[in-house]
Amino acid sequence: MDVKPLDERKLDPAVALAALDETGPREPHRLFALKHGDCFAVADAYGDIRGAGDGFFRDDTRVLSEFRLTLGGRSTSLLGASLSQDNVLFTSNLTNLPIKSAGGRDIPQGGIHIERVRLIWEDRLFERITLSNYSQEHSTVLLSLQFAADFRDMFEVRGSTRPKRGVTHAAETGGNSVLLRYEGLDRLVRSSVLSFSQAPDQLMENRADFYIAVTKRSRRTLYVEVGAALEDAPGRERFRAATARARFSMRAKRRHGGTVHSSGRVFNDWVQRARADVALLTTELATGPYPYAGIPWFSTAFGRDGVISALQMLWLNPGLARGVLAFLAQHQATETSPFSDAQPGKIMHETRKGEMAALAELPFGRYYGGVDTTPLYIHLAAAYADRTGDMGFIEELWDSLAAAAGWMEDVSRETGFVTYQRAAESGLANQGWKDSFDSVFHADGRIPKGPIALVEVQGYVFAAYRGLAALARRRGEEVEARHWEHRAETMRALVEKRFWMEDLGTYALAIDGEGEPCKVRTSNAGHLLYVGLPTPARARMVADQLLSASFHSGWGIRTLADDAIFFNPMSYHNGSIWPHDTAICTAGLARYGVRDSVVRLMSGTFEAAVHFNMRLPELFCGFTRAPSEAPIAYPVACLPQAWSAGAAFMFMQACLGIEIDGWKGAINVTRPRLPIGIDNLVVRHLRVGSATVDLNFQRVGDRVVAFLDDRHEGLAPLIVRS
C-alpha cells in the first residue's frame, strides 16, 4: 500500500470527523450476522458496527461495540451488501460521497469503490478493505476506522442495568495494533486487540487513520483483524487461510445428512439458505453438534430450541439430534436450586458464559426454567431411536431419561399435570415457549396464578410417556412399559376432560393454580395434533380453527386468535407469526390427514421467506395478508434463528408424508404432496439404516408418485400410501 509523506497531508482527520454529518439511521437498515463457535458479529449493510444491538460478541460479551469506516471524513454511499450462500463471508460494496483528497482536491461521488469482506474464524474477526480508484486522477484519501469496545454483557445490551461494573483500562496503542481491556467484577480480564496489515498514520485510543494513495485504475488493500490477543500481522495469506478453513468447516456441516433439490429455482434458494442457516448456528461442542438458538440475543445452547430444531431436521440429519441429546443429558439437573429453577432430573433451559451469569446477577448461567424442555427431551430421544434404530445410544441415555421421567411424575403428583411456577423472582414468570409476561391469560385479561399447566406441555408429556413405553419394551422391561403406557393414556384422558372447550371448538390455553381454564384460543392447541393426542373428531375441529381467518393470516398461523383481549399482531407472542409454531401445527395437520391445507401453509410460509430474502426470521407480525403487500417484520426478531430455518424441513416432511422406520430400515410415504409450483423433488443421500438412497417425488397429472433411484441391499421396499 502506498502512503504519502507526512508533509503532503493537508486534511486534518480530527476536523473531518468532527464535521461528520452522516450519523443518523441509514437505509437499508438490514443487519447481517456472521458466526463461528461462541463468537458472532452483527453489522449493518455498510459493514459498520454502531452500538445498539450490533457488535462483535465473544462468550456473551460484546468485545467490539463500534467499528465504522469513513472516507475523507465522511460516511460512504451503499451500493449493495450480501452474505455468501454458505454464510461464511459478508461483503459490502460502497462508494465515496463527494470528498476532498489529502491535498485538498475535490473527488466527486462514485470515483472510488470500497469493498469490505469479513468473516469469523476461531474467535477472530478478519476483514479485507479494498479501495479501487475509477476516477481519472491519482488520489490520496483518508480512510479512518473508528472503534470502541464497551465489554457489555449480552443482558446489558438487551437492556438490563447494573449498579456496578468492572474497570475499563486505557487503550494501549502499538505500531500497528491497539489493545482494549476490561476487568470484570468476576476478576476475568476480557480484551480485544485490533491489528492492521500496516501501521496507521495516526493511531488513537478509538481511531486509526490511514492516508492511502490510489493511482487511477488501481486498487489498494488493508487487512484488519480483531481477536482476544495479538497474533501475526494481518495480511493476504492469513485472510485467505482463514477463509479457506471457514468454508471447509461450513461445507462439512452442510453435508451432514440428506439434501433436498427441486425443479423450482427460487424454492431451492430458500431450502439452501435454510440449510446454511442451520449449519451456521450449529456449534461443535464436546458432546457433538448443537444448534444455537439465534443471533443476536440467543446465540447459545437453549434446551427447547435445540430439541425442536433437532426434531425438524431429524428425518434428514439424525446426527444433530444425537448431539442435542448428549449435551442435554450431560447438563441435566441433579439438585434443587430455587435460583436456577432446578430440580433433579429436569433438563436445562439455557446456559450463558457472560459476566452477569458468572456473578449470579441473573440465573441464566445454567437455568432450568423451561417446563416443556424435559418432556421434549424424552420425546426427541424416542423419535431419534425410531428414526435410526440406534438402541446403543439410548442405553447410554437411559438413566438420564428415567430421571427426566421421574421429574415429570413428581411434579404432576398433585394435579396430574406438569405445571410451572417460578421458584425465585429472578426467574421467568412464564416457562413455556411463549414466555413473555402476558402470554398466558384468561379470556377477560386476568393473569392466572400458578402453578400453571400449559396445554401443549401436557401433549409433550403424553408423547414422552408413550415414547418411553416403546423404548422400555425394546429393553425387555414390560412392567415399566405398561406403567408409562398407563401414564400416557391417563394424560390423554385428563387433557380431553379438563382442557377441551366445546363452546369454542378447541382446547384451553392453560389451567391455572385454582383449576380454572384459560379459555383463550391459541396456536398451542395445534401442538396436540403434532403429538397425536386428540380424537380425530376434535383434531378436525382444532384444524378448522387454525385454518380460519382468526388464525391463518395468509403468511402463517398466528399465535393467538384475533378476537382475544390481548390480540396484537405486533406483539411478541400474542398475535404474531412464528414459523416454527406454524410448522409444528402443519405437521399436526398432516398427521390427521389434512393434506391440502399443509401445502397451502407451506406455500404461504415460502412466499413470506421470499419477501424476507429467503431467510425466515424468529417471528414476524400477524397482520392479514393483502394483495401486493409483503409480510411485516418484527423489529427486533433474531435473524437467523435455528427453529425458523429448520421449519422449512418440517414443512417439507409434512408435505411429502415421509416417515423413516429405523427399526425395519424402511421408508414410508403417505399421501405425498409437492409444494405449489414444484413438479419434481429429490431427497439425496438419505440415510436409512446402512443404506444411503435418493428418494424422488414426481407430479404425474393430479397425483404425486414417489420412487427410489435404485434398490439397495438391506433396505426394505418403499411403501407409498396414496
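## Ground rules

You're looking at a predicted model, where local features need pLDDT of at least 70, side-chain atom pairs count only at pLDDT 80 or more, and totals for chains, interfaces and linings use all residues. Residues are numbered from 1 along each chain as its sequence is written, and side-chain values use heavy atoms, leaving out hydrogens and water.

## The whole chain

There are 16 helices and 36 strands in the protein chain. (Both are DSSP runs, numbered from the N terminus: helices are H or I with at least four residues, strands are E with at least two.) With a radius of gyration of 27 Å, close to the 27 Å that the globule rule gives for 722 residues, the chain is as compact as a globular protein of that length. The radius is taken over C-alpha atoms, and the rule is 2.2 Å times the number of residues to the power 0.38.

Of the 722 residues, 60% count as buried. Buried means under 20% relative accessible area, counting protein chains only and using a 1.4 Å probe.

Start with helix α5, residues 303-313: 11 of its 11 residues are buried. Among them are Arg304 and Asp305, along with Val307 and Leu311.

Now hop to helix α9 (residues 391-411), where you'll find Ala405. Ala405 is buried, with a relative accessible area of 0%. Setting aside residues up to four places away in sequence, Ala405 touches Ile378, Tyr465, Leu468 and Trp484; a contact here means heavy atoms within 4.5 Å. Glu395 is 10 residues from Ala405 in sequence, and their C-alpha atoms are 15 Å apart in space.

## The largest pocket

The largest pocket has a volume of about 1,100 Å³. A pocket is an open set of points on a 1 Å grid over the protein atoms alone, with protein on both sides within 12 Å along at least five of seven lines; lining residues have an atom within 4 Å of a point. The volume is the space filled by probe spheres set on the points, which are joined across faces, edges and corners.

Its lining has 32 residues, with Asp386, Arg591, Gln653, Ile658 and Glu659 nearest the centre. Helix α8 gives the most, 5 residues.

Terms used. Buried < 20%, exposed > 50% of the residue type's maximum accessible area, 1.4 Å probe, protein only. 1 Å grid on protein atoms, 1.4 Å probe; cavity = no way out; pocket = protein on both sides within 12 Å on 5 of 7 lines; lining within 4 Å.
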